[in-house]
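I opened this one to see how its parts hold on to one another. Here are my notes, in the order I made them.

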Amino acid sequence: MSKNLRFKSSKLLDETYRISFKFNNKIYYGYKGDTLASALLANDVHLVGRSFKYHRPRGIMTAGSEEPNAIIQLHDNTSRTEPNVRATEIEIYEGLVASSQNCWPSVNFDIGGINNILSPVLPAGFYYKTFMWPKNFWEKYEYFIRKSAGLGKSPKEADPDIYEHKYIHCDVLIIGAGISGVIAAKMAAKNGLKTLLVDEKSFLGGSTTYDNSEFSKINNQIASSWLEKEVNEISKLENLEIKTRTSVAAFHGYNFLLARENLTDHLPINQRKNKIRHRLLKIRAKKVISATGAIERPLIFDNNDRPGILLSSAIKKYIDLYGVACGENIILFTNNDTAYETAISMTQRGIKVNAIIDNREQVDSKLSYEVEKNNIRIFKGYTVVDTYGYKRINGLSIMKLSKDGQKVIGEKIKLSCDSLGVSGGWTPSVHLFTQSGGKLKFREEDQVFIPSKYPSDQLCIGSCNGDFTIEEITANTILSIKKFLNIKNTNYKTLEIMTGINKSKRNIWLLPSDKILGKTKSFVDYQNDATAKDIKLALREGFRSIEHVKRYTTTGMGTDQGKLGNMHALGIISETAGTKMGEHGTTTFRPPYTPLTFGTIVGRNVGKFFDIIRRTPIHDWHVINNAKFENVGQWKRAWYYPKENENMHQAVQRESKAARDCAGILDASTLGKIDIQGTDASEFLNRVYTNAWSKLAIGKCRYGLMLNEDGMVYDDGVTTRLDENHYIMTTTTGGAANVLGKLEDYLQTEWPELDVYLSSVTDHYATISVCGPHSKKIVSKVIPNLDFSDEKFPHMSFKNAKIGEIKCRVMRISFTGEQSYEINIQSNYGKSVWEKCMEAGKNFDITPYGTETMHLLRAEKGFIIVGQDTDATMTPIDLQMDWIVSKKKYDFIGKRSLYRSDTIKEDRKQLVGLLTENPEEVLEEGAQIVTDIKKSPIEMLGHVTSSYYSPNLNKSIALGVVKGGKKMLGQKLIIPMENKNINVTVADPVFLDKEGKRLNAKL
Amino acid sequence: MFLINCPFCGEREQSEFKAGGEAHIERPKQPTELSDDEWAEFLFMRKNIKGVQFERWNHAHGCRKWFNIARDTSNDQIKAVYKMGEKPPVK
């Protein structure tokens, strides 16, 4: 570049450390300490992106996290690529590659720019209004709209970086290390409080760091020098932990805050290996001090969005902190004294200030005198009415404001410039304060919202509390912290402050123009292209609530969350509607304050750490024997065991046949097991199950159904009476924890008088289920000293036994309808007993089977699976399980609900069997069931809940729920599928061995 | 995220607890005596007020005990924590 835009005298930059980086495929140079924005500006690059809707050229506008325009794609086409990164925040490093977003083919020539010309026909709500007609065309429109919408690109591969979470507890958390935050940190730490100070920047001190002017002094020292000493002092304090590059994302109730600490994003790529990239800090602070500062407001005038237009404070920051000039012929446009500080910084460096346009008629402060002394033109009482230049501002025109500020009058004056700094005063950054539930109040004199009611033990200080001059900041900060922290020694004597600022301001939310509003483009939200015109249109169309206007116009809904323009939107609404500011509310600031990466949010909980994995004691055997696994809750359950080239269907058919023809073996260890003891255990079971339990003899087992208080089936399982006051309950695999929780709830809160104790023993026992006609021979070999005869050990009974020296419990219970034995043994013996069973069963063709076969076998018997054949709307009566509901018991959980007007309706969905006309046709689970396919809309009677091809019956079988199904036995119904209708007949849900002969079958 | 002072374990983070809805709704002793409306009142009707609300909480990932809290729903401040069977110490 021929222009000299860089001064070599910045404190922040290391000029001996030159860094090369790539932006839009071009190589540039900057220095260590530069942000991408400051380095681009030093290379005279202002145009960095295109706006979202109109694709207008946009430039860097700010120097901080509030940036709406300069959001870029980092690391092109790699697994680390990241969209929407603010160029004003990312520090450059060797190897940085970035590109513009939302433009094609390039930022200089963007085809979407046609939208700018079409803009008169693209008002707010354009998409809502236009693409609704005709109704069924939406699917066609959507494809194109989605294609052209969206900003950056997300990575297509897994994130290769490491992230982590960390808890921090402290007495005082201070957010923001500007001048007030630094003072607060010193006061807190020096008074023995464990203090944490965080700041999103790489350095401490905030904007005072570069406040080098003769016009702001503390104790007769230039403010930046005074603060430098303070910063040096606090860096050595023992009680103080300082975290830079740390941005607080969320401020929740109870002073719980989330912050992201950025550890490697500023390092050269080759130094990042094996380092944690971001750390999510979960902070619990006894007290929180927000010193989050303020953000300068832009001004709202026609074409206020061209590249080269920046906040005036940003121009000052680029000069004083980064040593970069934003242009060589700069105009400042302001309604307050801030721009004069910028003008003084510029003249100190010899940059030309072409003119200052000031909304105010009266300008008198030490700063303005200094500016006038330097022969800079000041247009008092003027406003900018238009700007020129497409990819970079090259001029503007100004006109005189009328007395009431509503109109422009007189001659139009044209001025040339290559950059424009705007200042509409300051907006306190109250985002975090309001996130925590804080209430704001409106201060009329300078039109700002400031904190009013604190919801927790917290305090706002400095400019986020509405103190904008050093004088106010220092005086109020020291006093309020002394009170807030209840400390005696402030460590500060009275500070002598000298400031040149006069606080006067002429606030006009929407500046008038010589054009009619419809012909202007005065941007309120730069990123989302929402203009003043759009907001007024929304009001004309009847929107009043700020939340509705926001959603209709998309004001404040970009990645910057409207940090710049939200106040103007509120101002324009209240002016147009003739109401007071704040009457329509302020929009809610939601976390995160600045976007977080997904990596930060999930931390280490990725891959195998995503969720807990539970494995049974026999798991390794399943793995060796080629089992495919199924996730059931957190459990890994053997699903089926394919042999050679078998697919799932073939394996399941083989396993199912083997279990009924000879013998099958199932790992049932995942079933929930609850040990129940106490003198009232029987009474307790009476109350929680639908059937009666008091007469169950010791050594006997019984199936039980558990309801919710609303009468709906909640869980089921077999419970065994081990002793007079001792039972073991089994629950479904997925329901175990909830059942235990529910039982505890009733015991602790409704029936504390019952003497009952519960403990979960799910993990303590391995459960091996051997079934089939040969099962008895197999278990007799495994446990030879136990009498397995039907007389001594009938169905639904239990025996204590020993395998060698190891105690075990054997239950003769069946979920398959076959003769079946369950061996429960201490977990660590599970695998060896399983292997013993396999060995004993060798001559009987024992076949291990998984959950899929288990489901098939029980469906043949019409046994339900809670959660598959039921949802939370099925009563036992709906399931045709009336037999298990005791009529004699006075009460049990859910009893009263079984005869509510709703539950006794005859047309409720009821469980039935379904047989297809073609026995080879297997229904799809979840398919809808209807009678009349000609009716429109078709009435849905229910759906298929379980469906299999039964190798034992040689036909397809299914269970389903159908409205009034109980009375439909034999009736024909239709299952409409995508390309055919399947005819079915309603059948008894028990398809196999209705008499239960197989339970005692002898071979 | 609240900090909840479990009456058995002391102050713990909310993630250890499970909320159990409105407190002080006693299960009727003789449900069969109730009309549909009376039973529905017990089964379905819950308050949703702005202000102090009494709630059941369970220290699910701790001592597994149930207890009650009085929480101001407008600002989530917990006014009191008390054991099952005890009367609310605040109004």
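**A:Thr209**

I began with the side chain of A:Thr209, which has a polar atom 2.7 Å from the backbone oxygen of A:Gly206. I call a pair of N or O atoms within 3.5 Å a polar contact; within protein, one must be able to donate a hydrogen and the other to accept it, and residues adjacent in sequence count only if both atoms are side-chain atoms. I was reading a predicted model, where local features need pLDDT of at least 70, side-chain atom pairs count only at pLDDT 80 or more, and totals for chains, interfaces and linings use all residues. Residues are numbered from 1 along each chain as its sequence is written, chains are lettered from A and ligands numbered from 1 in the order in which they are written, and side-chain values use heavy atoms, with hydrogens and water left out.

Is A:Thr209 buried or exposed? I found it buried, at a relative accessible area of 18% (buried is under 20%, exposed over 50%, partly exposed in between, with a 1.4 Å probe and protein chains only). A:Thr209 sits in the loop between strand S9 (195-198) and strand S10 (216-218) of chain A; helices (H or I, at least four residues) and strands (E, at least two) are DSSP runs numbered from the N terminus. Setting aside neighbours within four places in sequence, I listed A:Lys11, A:Phe203, A:Leu204, A:Ser224, A:Leu227 and A:Leu321 as its contacts (heavy atoms within 4.5 Å).

**Domains 1 and 2 of chain A**

I then noted the domains of chain A: domain 1 (1-157), domain 2 (164-294 + 428-499), domain 3 (298-424), domain 4 (518-585) and domain 5 (892-999). These bounds come from an automatic or database domain assignment.

Domains 1 and 2 of chain A bury about 1000 Å² between them, 44% of it on carbon and sulfur atoms. Buried area here is the accessible area (1.4 Å probe) that two parts lose on being put together, summed over both.

A:Glu91 forms a salt bridge with A:Arg245, with the closest N and O atoms 2.7 Å apart.

**Chain B against chain A**

Next I turned to the chains, which bury about 2400 Å² between them, 44% of it on carbon and sulfur atoms. Chain B brings 28 residues to the contact and chain A brings 31. On the chain B side, B:Met1, B:Arg27 and B:Arg64 supply 27% of the buried area, more than any other three residues.

How many salt bridges cross this interface? I found six. A:Glu744 forms a salt bridge with B:Arg64, the closest N and O atoms being 2.9 Å apart. Two elements give two or more residues to the chain B side, helix H1 (36-44) and strand S6 (77-83) of chain B. H1(B) gives the most, with five residues.

**Helix H18 of chain A**

Last, I checked helix H18 (residues 681-688) of chain A and found seven of its eight residues buried. Among them are A:Phe684, A:Leu685 and A:Arg687.

Methods:
A salt bridge is a side-chain nitrogen of Lys or Arg within 4 Å of a carboxyl oxygen of Asp or Glu.
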